[in-house]
Amino acid sequence: MTHMNPEHPHAPGKRNRRMLVGAALCASLLFACAPVGPDFVRPSSPVVKQWMEVNSPSASQVSGLTSRSAPVVKWWQTFNDPTLNRLVAEAYAQNLTLQVAGARVLQARAQLGIAFGELYPQSQAIGGSLQRRQISDNLGPIADINRIIPLDTEFSTSQIGFDAQWELDVWGAQRRGVQAARSNLALQVANYDDALVTLTGDVAALYINIRALQESLAVARENIKLQQASNDLTQLRFNNGVTTELDVQESTALLNNTKALVPTLESDLQQAKNALAVLLGTTPSRMSGLLGSGGRIPSARSNVSVGVPAELLRRRPDVRAAELAAATQSAQVGIAMADLYPQFVLSGSIGLQASGGRDLFSSNSATGLASAGVVWNVLNYGRIKNNVRAQDAAYQALIANYQNTVLTAYSEVESAMVAYAEARKQVTFYQRSVDAARKAADIAVSQYRDGIADYSRVLNTQTALLRSQANLIEARQQVSSNLVAVYKGLGGGWQIRQNQEFLPETVLAEMAYRTDWGDLLEKTPTRASLN
């Protein structure tokens with residue numbers, strides 16, 4: 001048998017090494033090729049230079065809105081309400097819907113790691129085996145040979161090896177996959193920010209509604225006392241024969257109609273508290289302790305900074321999310337287009353192989369294989385092309401969705417601004433109405449007591465007083481609620497999560513205990529108080 005010098009240029013090991021080096025150089029050159037498919041560019045969208053409500057001459061003095069400075073980040077603090085600040089802080093720390101969005105961010109981090117892994121050999125395996133074989137002595141050829149030359153029909157083989165397969169990223173499918181995964185991670189962060197904007201806005205809106213209901217209950221009970229006194233007066237006058245039973249019955253009807261408001265308000269108040277408990281990730285039983293028995297509708301400072309429209313596309317997370325969804329889909333178009341072209345695959349294996357286990361780790365037991373191949377789905381072009389078209393149509397739909405999201409954002413802010421400005425005007429008028437109605441009710445009762453006016457005047461003025469007070473409470477609630485809508489429309493509030501992890505520390509600790517997350521669970525400082 002001829003033994004070949006391993007240093008000989010045509011030795012098998014030398015040839016394998018040269019093949020691997022050549023394949024690696026070829027892979028490097030092919031990797032430098034530009035990926036197929038479109039490179040994402042932010043879609044065009046309408047540009048708004050100034051807010052209509054802020055810059056209209058008729059509203060400049062009374063709207064309370066100014067574009068001279070950017071909106072505040074912790075906008076709820078403009079209400080100067082410590083209870084509201086505590087509620088927002090607790091919701092940020094405990095809200096379960098927000099935690100769902102945070103978990104999706106961590107999931108997207110792991111998926112980005114998977115996409116990066118596709119840039120390297122996609123299949124790697126280390127294996128080994130030990131086999132023991134016994135060949136029958138009665139097999140025809142073996143039996144015949146065995147009569148002349150005794151053969152060993154019982155033998156063992158052992159092997160250890162490493163196999164790898166690499167589909168070269170010639171057309172950029174894997175690189176597009178990394179782009180898609182990176183955009184998806186940013187998309188999940190934007191979705192988290194959008195959920196945080198929604199959460200802070202909903203907490204503030206519910207809190208304002210709760211305070212309005214508490215004020216409405218106080219007003220109803222105040223009017224019940226007033227109407228009870230009038231009812232007692234009509235009963236006294238009827239008993240003394242000064243008036244008829246009609247006054248008593250009318251007074252009684254008004255009193256009971258007002259009393260009937262209380263159960264409805266109590267029911268609405270408890271339902272609002274229950275809804276707030278869900279946002280805070282806690283039970284309704286804690287709400288009374290957090291909110292107290294009563295309070296006033298929070299009101300913000302007189303001037304509200306709203307910034308300029310150009311900042312909206314950067315501030316609003318839903319606009320950023322719509323853009324990132326389009327970017328993610330753009331990469332999918334390139335991935336689909338890569339299937340139109342041949343795929344180049346490198347395969348290789350190295351290992352040790354021997355009969356029996358004694359000589360397995362000797363130099364003579366080395367074995368190896370290197371191969372290069374091409375796979376081209378030439379008969380599937382109809383399916384592949386239609387898949388490219390389908391991905392491109394989905395991309396175009398997301399472009400339109402982005403443009404629609406921008407228009408919706410502008411519309412929401414403008415609508416909230418005009419509603420806020422007009423509600424401020426209503427408060428002024430209703431306050432005057434309440435002052436006049438209260439004075440009229442006092443005068444009517446005084447005149448009725450003196451016999452100057454009939455009870456219908458008392459009935460009308462007390463009914464008008466209750467209605468005016470209810471209208472004033474509703475208008476004040478609308479002012480604060482519409483201001484919340486303004487800040488929510490401007491995309492305020494999500495900035496509080498910066499330099500924070502996307503899940504509470506207790507949840508991160510549980511995940512780290514359950515699964516090895518490596519460095520994907522970032523170590524960050526404890527969440528700062530929002531008060």
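Two residues are in contact when heavy atoms of each lie within 4.5 Å. That definition is used throughout this report on a predicted model.

**Overall picture**

The chain has 14 helices and six strands. Of its 531 residues, 41% are buried. Among contacts between residues at least 6 apart in sequence, 84% join residues at least 24 apart.

**Tyr 207 in helix α6**

Tyr 207 sits in helix α6. Its relative accessibility is 0%, so Tyr 207 counts as buried. What does Tyr 207 touch, leaving aside its neighbours within four places in sequence? The partners are Asp 81, Thr 83, Leu 84, Leu 87, Leu 291 and Pro 298. Take Leu 87: 120 residues separate Tyr 207 from Leu 87 in sequence, and their C-alpha atoms are 8.6 Å apart in space.

**Ala 180 in helix α6**

Ala 180 is also part of helix α6. Ala 180 has 5% relative accessibility and therefore counts as buried, the cut-off being under 20%. With neighbours within four places in sequence set aside, Ala 180 contacts Thr 328, Ala 331 and Gln 332.

**How α6 packs**

Helix α6 spans residues 173–239.

| Helix pair | Partner residues | Axis angle | Axis separation |
|---|---|---|---|
| α6 and α8 | α8: residues 261–280 | roughly 160 degrees | within 9 Å |
| α6 and α12 | α12: residues 381–449 | about 15 degrees | 11 Å |

Start with α8, whose axis crosses that of α6 at roughly 160 degrees. Angles over 145 degrees count as roughly antiparallel, so α6 is roughly antiparallel to α8. The crossing is left-handed. By class, the contact of α6 with α8 has 16 nonpolar, three polar and five charged residues.

Now α12, which packs against α6 at about 15 degrees. An angle under 35 degrees counts as roughly parallel, so α6 is roughly parallel to α12. Here, too, α6 passes in a left-handed crossing. From α6, the contact uses Glu 222, Ser 230, Leu 233, Thr 234 and Arg 237. From α12, it uses Arg 438, Val 445, Tyr 448 and Arg 449. By class, the α6 contact with α12 has three nonpolar, two polar and four charged residues.

**Nonpolar cores**

The largest nonpolar core has 76 residues. Which residues have the most contacts inside it? They are Val 203, Leu 276 and Leu 280. Helix α6 gives the most to this core, with 20 residues.

Leu 276 shows what such contacts look like. Beyond its neighbours within four places in sequence, Leu 276 touches Leu 87, Val 203, Leu 206, Ile 210, Met 287 and Leu 291.

Another core, of eight residues, lies apart from the largest one. Among its members are Ala 444, Tyr 448, Tyr 455 and Leu 459. Tyr 448 also takes part in the contact between α6 and α12.

**Arg 476 in helix α13**

Arg 476 belongs to helix α13, residues 455–489. Is Arg 476 buried or exposed? Its relative accessibility is 16%, so Arg 476 counts as buried. Apart from neighbours within four places in sequence, Arg 476 is in contact with Glu 215, Arg 296, Ile 297 and Val 427.

Terms used:
Residues numbered from 1 in each chain as written. Predicted model: local features only at pLDDT ≥ 70, side-chain atom pairs only at ≥ 80, totals over all residues. Heavy atoms only, no water. Helix = DSSP H or I, 4+ residues; strand = E, 2+ residues; numbered from the N terminus. Buried < 20%, exposed > 50% of the residue type's maximum accessible area, 1.4 Å probe, protein only. Axes fitted to C-alpha atoms, helices over the stretch in contact; angles between N-to-C directions. Parallel < 35°, antiparallel > 145°, perpendicular 65-115°, else oblique. Left-handed = near helix turned anticlockwise from the far one by under 90°. Nonpolar A, V, L, I, M, F, W, Y, C, P; charged D, E, K, R; others polar. Core = buried A, V, L, I, M, F, W, Y, C linked by side-chain atoms within 4.5 Å.
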